[in-house]
Every structure is written in C-alpha cells, then in structure tokens.
Amino acid sequence: MAVMNMIQAINSAHKVMMDRDPDMVVMGEDVGYFGGVFRATEGLQREFGKTRAFDTPISECGIIAIAVGMAAYGLKPVAEIQFADYIYPGYDQIVSEVAKMRYRTAGEWTMPMVIRSPYGGGIFGGQTHSQSPEALFTHVAGLKTVIPSNPRDAKGLLIAAIEDPDPVVFFEPKRIYNGPFDGHHDRPVTPWAKHAASEVPDGHYTVPLGKAAIVRPGEALTVLTYGTMVHVALAAVEENGVDAEVIDLRTLWPVDIAAIEQSVEKTGRCLVVQEATRTSGFGAELSALVQERCFYHLEAPVVRVAGWDTPYPHAYEWAYFPGPVRMKKALEKVMAD
C-alpha cells in the first residue's frame, strides 16, 4: 500500500472513480488546470480532459445548479466548494433540489452527486475560512453527511459516496490534510507518514457509509467525535489517563446509532466533542440520542465540548478551538459525576 496524506488519498479516489466510470465529472473553482486550492484535484484535467475536470465561475449557487442538472441527466458530478464557508449561496439548491429529488419524483429520479468541501479551523483562516457548518446539512432529510479523519477512510468514504445513488455532502477537515493534529498548536506538525492510517490501497475499495469506527477501545467513558477532533480526543484521553472508548463517527448522517448505544451501555458515560459552535450543533443531536436511548445506563450527564457561540476569530484562534485545556476540564467533569 502507498503512504498518502489526506489530499493525496482524496485525489486517488477521484482518479480511481474517473477511470472506472466515464459518467463521473469533477467541477468547481480552480479544480481543473490549477488542481484545486489544496491540490485535491491535481492532474485530473491533464489525465481525463477538460470536459471531465473543469473550472467554473465563482458562483456556488451556479456550481450546485449545474451539478443538479448533470445528475438528473445521468452523469455523476463531484462538485467542489472551495471552502465550506462559501457553501451558503448554494444552500437553497442543496435543500430544495438536491435533497428533495428522490422524494418529489416518488423514487423515479435520484441525485448521484457529491459535494466536497474543506471545512473547519486551525489554520488561521479567520471568520470566513474556518467554519464548521455540518449541522446545517445533517438537519436536511435526503442528504448524507460524511467527514473523514484520516487518509485511508477519506479515500474509501469518498469512493462510497461517489457510488451512492443519493447525494452526499463530504466535508474534509483541512487542518489535518497534511497530518493529524492533537490540539497542541505549539508543537511541531506530525506528518501522516508516521500514522498507520496513512497506508492507503492504490485501487478501488470502499468504507461503508453509516458505519462508525472504534479508534480506541475503552471501558470508562465513550467519546463521540469526528474529523480533526478525533485526534484531539485521542491525545486528551491519553494525556489525562482516562480509559475512554473513542468513536470516530465518519458518517454523521445516517449516524451509526448501534455503535453508539453499544459503547455507552458498556461505559455508562459519554463525552461529545465537536469543533463547531455549541448551540444547535450536531453534538446536541448526539447528546439527545444518547439521552433517549441509553438513559438507564448513564452514570453521569452527557457532556459536550465545542466551539464558542461566536464567529470564528482570527486573533484568538486557539481560544476558540476546543483544545487540550477544555478537553481536560470536560473529562474531569464527566468522570467526577
């Protein structure tokens, strides 16, 4: 197996699927000749031509609208929104057309399309390059929402998303494009090459949508998280000596509720970790699900760690980011009760 970072794994997924399926096309701002602002689509136009990997105008609503038409006529578009912060102009199309097509046609039409977008903070991107809007999409019936946390999963999940007949919103945590991040911003960056999940098969494989992964087994506490915060959570439980079971959701919706129930029933405690703002975030849904389904197994209230309910700050990036200090306090709280 090749050793890849997350950008290379995502690029490999594109190449595998474009080679297998002539109906697949890639589109977005700068994704063609330039290969994307993060180089996730590098080389695709050169290999597959300008009709299958092409640049679009700076118009997110236009990108989504064109992808809808392509999918309706039998193509399989993968549309990149350059930053998740810019997905809002296309949100009407996503909610009103993309998510509703199967329902409004009584199953006659599907929307076999993927919307990819880098999301999250930790790169000093400020208020318009750091947002985590995943909860806006998990709320919409008809959409699947996927967030990988490592290169191996990124490739397998993206291939599964492309092969899925229904629309998938695929958020890529840009803070970990080039390596895992434990939340200690003052430490040197660790490359993916030193991580086991950087070993990525060259060819076709899938990671099934809707299945979580237990990335650390434990008996004392269940930690539910995804994306960059998987690595922050793993580091925190090790640093604080908590025998926690860390679950990487991978697919936020449909969520793997069976894995969540099984873990919480075993541990009796639950910590939910997200980078997004706290109020009405996906962590609130996870907390409610655990409360509804595992109430009689809980030995303490469910605790959440999240971003603050403010715009993402530039100067105070690490005060906003849910890092080691807030993780330590949350672990102490959930274990003390």
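Axes, in the legends below, are lines fitted to C-alpha atoms, for helices over the stretch in contact, and angles run from 0 to 180 degrees between N-to-C directions. The model shown is predicted, and local features are therefore given only at pLDDT of at least 70 and side-chain atom pairs only at pLDDT 80 or more, whereas totals for chains, interfaces and linings use all residues. Residues are numbered from 1 along each chain as its sequence is written, and side-chain values use heavy atoms, with hydrogens and water left out.

**View 1. The crossing of helices α9 and α10.** Helix α9 (residues 257-267) and helix α10 (residues 282-294) have axes that come within 10 Å and cross at roughly 65°; helices here are DSSP runs of H or I with at least four residues, strands are runs of E with at least two, and both are numbered from the N terminus. The crossing of α9 and α10 is right-handed, a term used where the near helix is turned clockwise from the far one by less than a right angle, the anticlockwise case being left-handed. On the α9 side the contact (heavy atoms within 4.5 Å) is made by I257, I260, E261, V264 and E265, and on the α10 side by L286, L289, V290, R293 and C294. By class, the contact of α9 with α10 has 7 nonpolar residues, 3 charged residues and no polar ones, where Ala, Val, Leu, Ile, Met, Phe, Trp, Tyr, Cys and Pro count as nonpolar, Asp, Glu, Lys and Arg as charged, and the others, Gly among them, as polar.

**View 2. Q291 of helix α10.** Q291 is found in helix α10 and, at 39% relative accessibility, counts as partly exposed; buried means under 20% relative accessible area, exposed over 50%, and partly exposed in between, with a 1.4 Å probe and protein chains only. From C-alpha to C-alpha, Q291 and G156 are 31 Å apart in space, and they are separated by 135 residues in sequence.

View 3. The 12 residues of helix α8 (residues 228-239) should span 16 Å at 1.5 Å a residue, and the end C-alpha atoms are 17 Å apart, which agrees; the expected span is 1.5 Å times one less than the number of residues. Helix α8 is mostly covered, with 9 of its 12 residues buried, namely T228, M229, V230, H231, V232, A233, A235, A236 and V237. The elements covering these buried residues include the strands β7 (168-173), β9 (213-216), β10 (221-225), β11 (244-248) and β13 (270-277), together with helix α12 (324-336). After α8 comes G241, whose phi is positive, near 65°.

**View 4. Aromatic pairs.** The structure holds 13 aromatic pairs, counted where the ring centres of Phe, Tyr or Trp (its six-membered ring) lie within 6.5 Å, with planes under 30 degrees apart called stacked, over 60 edge-to-face and the rest tilted. The rings of F38 and Y177 have centres 5.1 Å apart and planes at 50°, so this pair is tilted. The pair links distant parts of the chain, 139 residues apart, since F38 lies in the loop between β2 (24-28) and α2 (44-48) and Y177 in the loop between β7 and β8 (199-200). F38 is partly exposed, with a relative accessible area of 23%, whereas Y177 is buried, at 1%. In the pair formed by W318 and F321, the centres are 5.5 Å apart and the planes stand at 70°, so the pair is edge-to-face. W318 counts as partly exposed at 22% relative accessibility, and F321 as buried at 1%. Ring pairs also link F38, F83, Y86 and Y177 into a cluster.

View 5. T145 has its place in strand β6 (residues 144-146) and counts as buried at 0% relative accessibility. Leaving aside residues up to four places away in sequence, T145 touches E134, F137, T138, V169, F171, T251, L252 and W253. A cis peptide bond, with omega about 5°, joins W253 and P254, and P254 is found in the loop between β12 (251-253) and α9.

View 6. F124, although not a glycine, has a positive phi of about 60°; F124 is placed in the loop between β5 (114-119) and α6 (134-138) and counts as partly exposed at 43% relative accessibility. R250, another residue other than glycine, has a positive phi near 65°. R250 lies in the loop between β11 and β12 and, at 10% relative accessibility, counts as buried.
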